[in-house]
Number of protein chains: 2
Amino acid sequence: MRGLGNRTVLYQQHVAASLGLYNNDFLSVDILHEKGPITAGELSKLTGLATGSVTALIDRLEKNGFVRRENDPNDRRKVIIVPIYENKEEVSNTYLPLHTAMVKLASSYTDDELEFITQFLGKASMVLEEQIHHLSSTTHSKSST
Amino acid sequence: MRGLGNRTVLYQQHVAASLGLYNNDFLSVDILHEKGPITAGELSKLTGLATGSVTALIDRLEKNGFVRRENDPNDRRKVIIVPIYENKEEVSNTYLPLHTAMVKLASSYTDDELEFITQFLGKASMVLEEQIHHLSSTTHSKSST
């Protein structure tokens, strides 16, 4: 698990570098892609980054055409951040070799096995999300004392 | 897989931040812990970082007591980097809640299921390692032209 974790972090850094983006910037776009359009406040909570940092981050991403700010169709007073980077050819080209390799790996498993693995990954994901909140609140309480 | 990946990256960043370390610095210590003592050149290859960056990184980590340089007992002309951070109480304390939560998750599976999951994670890990090499060589060839 830890070995996979380190390689995931390294991989993500290399993708960000090859796209000429900061790590946090690229990570945020990936989170937006997963969660769908969310507000800057929600992104701040999910990443554990301060609100000011998130505003600057969204400015950079909007300038580079990775996201755009829109009025929330359900609540016109809210501004949501919409990821548009999946349309960018350079992003899909960068991810393509990983995608191909993962599809190849998946094809060596039965549907039942894949379902089992997916469930495990989902649970491990939830454990990590809880731990991020935990660390985030510990760090904040440390810096405020 | 992608959701787990993003949370892994975020978690690692929060751990590094709570220990007051740069992301790459902490990541390198974790790689050293996994691979055992290696040379600076090998660490450079594994992380995809330039040799000069790795030297500065090892200097910082040695100063903070996370690693130490030693002569390779098998080849006195070589210097190897030995991770010593596992002895550091602050590191084990930071990882403890994740460790506890992961042990709890694992206890809900049978030995056979865990063996199966571990094998999958190992394979996914190898796929990512190949992709890192791939991206790393693409980026280097881009910057040299």
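Start by selecting Gln131(A), which counts as buried because its relative accessibility is 8% (buried means under 20% relative accessible area, with a 1.4 Å probe and protein chains only). The model you are looking at is predicted, so local features need pLDDT of at least 70 and side-chain atom pairs count only at pLDDT 80 or more, while totals for chains, interfaces and linings use all residues. Residues are numbered from 1 along each chain as its sequence is written, chains are lettered from A in the order in which they are written, and side-chain values use heavy atoms, with hydrogens and water left out.

Now show the helix around this residue: Gln131(A) belongs to helix 6 of chain A, residues 111-143 (helices are DSSP runs of H or I, at least four residues, numbered from the N terminus).

Gln131(A) touches Tyr11(B), Pro97(B), Leu98(B) and Ala101(B), leaving aside residues up to four places away in sequence (contact means heavy atoms within 4.5 Å). At Pro97(B), the backbone oxygen is reached by the side chain of Gln131(A) at 3.4 Å.

Then view both chains together. The same surface serves both copies, since 100% of the contact residues of chain B recur in chain A.

Note on methods:
Helices (H or I, at least four residues) and strands (E, at least two) are DSSP runs, numbered from the N terminus. Buried means under 20% relative accessible area, exposed over 50%, partly exposed in between (1.4 Å probe, protein chains only). A polar contact is a pair of N or O atoms within 3.5 Å; within protein, one must be able to donate a hydrogen and the other to accept it, and residues adjacent in sequence count only if both atoms are side-chain atoms.
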